[in-house]
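Open the model in your viewer and keep the sequence panel beside it. This tour tells you what to select at each stop and what you will find there.

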Amino acid sequence: PPRILTLEEPVQHMDHCIAFAVHGNPAPTLHWLHNGQVLRETEIIRMEFYQQGEVSEGCLLFNKPTHYNNGNYTIVATNQLGSANQTIKGYFLEKPFPAMSGLFSFQMQYTPKLLCVDSKALFFQVSIAVGLAAFACVLLVVLFIMINKYGRRSKFGMKG
């Protein structure tokens with residue numbers, strides 16, 4: 001009967017890959033379950049493997065997976081002598097928004113970490129930005145005065 005030799009957590013190479021190796025003679029047929037449901041292969045999720053003797057090695061490949069692809073992945077190997085399966089948890093991305101506590105509730109369930117900035121560092125960054133803006137304004141005023149004073153005057157004092 002088939003035997004699952006290895007089943008590894010998803011790793012990102014060019015695509016995300018759940019690597020596996022299955023032993024069986026005769027060669028087992030392989031299929032996948034996602035959270036207990038049969039996983040349909042698409043251009044986004046596909047299985048690639050090669051047979052070397054009695055061992056099938058390969059990957060379940062994910063092209064740019066999202067939080068919808070998180071869950072339990074089960075490989076099922078079956079031949080005439082029996083079947084074997086093994087499950088692994090696949091975690092790719094967090095949900096973009098936390099679950100809301102009501103139908104029209106807009107309260108956030110978490111504290112964003114973006115605002116956790118040292119106040120001295122923030123003051124320094126703001127003062128640098130204000131200083132650069134003031135320098136740019138002074139430079140523009142000086143250039144405007146220089147162009148008006150030393151700009152080309154028309155010949156013979158004629159105004160155009």
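Start by selecting W32. It is buried, because its relative accessible area is 3% (buried means under 20% relative accessible area, exposed over 50%, partly exposed in between, with a 1.4 Å probe and protein chains only).

Before moving on, note that this is a predicted model: local features need pLDDT of at least 70, side-chain atom pairs count only at pLDDT 80 or more, and totals for chains, interfaces and linings use all residues. Residues are numbered from 1 along each chain as its sequence is written, and side-chain values use heavy atoms, with hydrogens and water left out.

**Stop 1: the ring pairs**

F20 counts as buried because its relative accessibility is 3%.

Now jump to F62 and Y73. These two form an edge-to-face aromatic pair, 5.3 Å centre to centre with 80° between the planes. Rings of Phe, Tyr and Trp (its six-membered ring) pair if their centres lie within 6.5 Å; planes under 30 degrees apart count as stacked, over 60 as edge-to-face and the rest as tilted. The pair links distant parts of the chain: F62 sits in strand β7 and Y73 in strand β8, 11 residues apart. Strands (E, at least two residues) and helices (H or I, at least four) are DSSP runs, numbered from the N terminus.

Are F62 and Y73 buried or exposed? F62 counts as buried because its relative accessibility is 1%. Y73 counts as buried because its value is 0%.

Ring pairs link F62, Y73 and F92 into a cluster.

Step back for the total: the structure holds 3 aromatic pairs. F20 and W32 form one of them, edge-to-face, at 5.7 Å centre to centre and 70° between the planes. That pair also links distant parts of the chain, with F20 in strand β3 (residues 16–23) and W32 in strand β4, 12 residues apart.

**Stop 2: the sheet**

Switch to the cartoon view. Here 4 strands form an open sheet in the order β5-β4-β8-β9, with antiparallel pairing. The edge strands are β5 (37–38) and β9 (82–90), each pairing on one side only. Two strands pair if DSSP finds at least two bridges between them.

Walk across it. Strand β4 (residues 29–34) is joined to β5 by 2 bridges. Look for L33, which stands opposite V38 in β5. Next, 6 bridges join β4 to β8. Pick T29: its bridge partner in β8 is T78. Then 9 bridges join β8 to β9. Return to Y73, whose bridge partner in β9 is I88.

β8 and β9 form a hairpin with 2 residues between them. β8 is mostly covered, as 7 of its 9 residues are buried.

**Stop 3: a loop**

Select T66. It lies in the loop between β7 (55–62) and β8 (71–79). T66 counts as partly exposed because its relative accessibility is 31%.

What does T66 touch, not counting residues up to four places away in sequence? It touches F92 and L93, where contact means heavy atoms within 4.5 Å. T66 and L93 are 27 residues apart in sequence, yet 5.6 Å apart in space, C-alpha to C-alpha.

Finish on N69, in the loop between β7 and β8. N69 counts as buried because its relative accessibility is 14%. A polar atom of its side chain lies 2.9 Å from the backbone nitrogen of T66. Not counting residues up to four places away in sequence, N69 touches H34, I45, G90 and F92.

Note on methods:
Polar contact = N/O pair within 3.5 Å; in protein donor to acceptor, adjacent residues only side chain to side chain.
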